[in-house]
Amino acid sequence: MYLDDGVRGDMSVERARILSDLVRHDLASSGFTPNDNKWIWEPTQKLVLLGSVLDFDKGLIQIPEFRIPKLKSSLVSCLQNNRVYTH
């Protein structure tokens, strides 16, 4: 089984650390071995999740620049194939 991409947060970094430790403990208690090379256990305000940049310090969710051409291409394809419906 694979677990991928999750976010948990709190208003204080101290509480966020406690929550991170609880998640790590719960995973280990359930028999899972987290890949510490992929998990970010230290609370952070900016990260890439599911292809988007989450920046909670600035209050932004951004699409990385390298994804913009693919997004534009997908939108054009949808419009050309009449897959966009309006109600």
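Is Glu42 exposed, partly exposed or buried? With a relative accessibility of 37% for Arg17 and 44% for Glu42, the latter counts as partly exposed, and the views below place this residue within a predicted model.

**Figure 1. Overview of the protein chain in the predicted model.** The chain contains 2 helices and 3 strands. Along the sequence, these elements follow the order α-β-β-β-α. Of the 87 residues, 14% are buried. The accessible surface amounts to about 7800 Å², and carbon and sulfur atoms contribute 55% of this area.

**Figure 2. The salt bridge between Arg17 and Glu42.** The two side chains meet with an N to O distance of 2.7 Å. This pair connects distant parts of the chain, since Arg17 belongs to helix α1 while Glu42 lies in the loop between α1 and β1, 25 residues apart. Arg17 is partly exposed, at 37% relative accessibility. Glu42 is likewise partly exposed, at 44%.

**Figure 3. The salt bridge between Arg15 and Asp10.** The structure holds 2 salt bridges, and one of them joins Arg15 to Asp10. The closest N and O atoms of this pair are 4.0 Å apart. Arg15 has a relative accessible area of 37% and is therefore partly exposed. Asp10, at 39% relative accessibility, also counts as partly exposed.

Figure 4. Asp55 is buried but forms no salt bridge. The nearest side chain of opposite charge belongs to Lys46, 4.1 Å away. A polar atom of the Asp55 side chain lies 3.2 Å from the backbone nitrogen of Asp57. Apart from neighbours within four places in sequence, Asp55 is in contact with Gln45, Lys46 and Leu60.

**Figure 5. Ser30 in the loop between α1 and β1.** Helix α1 spans residues 13-29, and strand β1 spans residues 46-49. Ser30 has a relative accessibility of 52%; because the cut-off for an exposed residue is over 50%, Ser30 counts as exposed. A polar atom of the Ser30 side chain lies 2.9 Å from the backbone oxygen of Asp26.

**Figure 6. A nonpolar surface patch made by Ile63, Leu71 and Leu75.** The patch has an area of about 250 Å². One of its members, Leu71, is found in helix α2, which comprises residues 68-80. Leu71 is partly exposed, with a relative accessible area of 36%.

Note on methods. Residues numbered from 1 in each chain as written. Predicted model: local features only at pLDDT ≥ 70, side-chain atom pairs only at ≥ 80, totals over all residues. Heavy atoms only, no water. Helix = DSSP H or I, 4+ residues; strand = E, 2+ residues; numbered from the N terminus. Buried < 20%, exposed > 50% of the residue type's maximum accessible area, 1.4 Å probe, protein only. Areas by Shrake-Rupley, 256 points an atom, 1.4 Å probe, with all protein chains shown as cover. Polar contact = N/O pair within 3.5 Å; in protein donor to acceptor, adjacent residues only side chain to side chain. Patch = residues over 30% accessible without salt bridge, like charges linked within 9 Å, V, L, I, M, F, W, Y side chains within 5 Å. Lys, Arg positive; Asp, Glu negative; His and termini not counted. Contact = heavy atoms within 4.5 Å.
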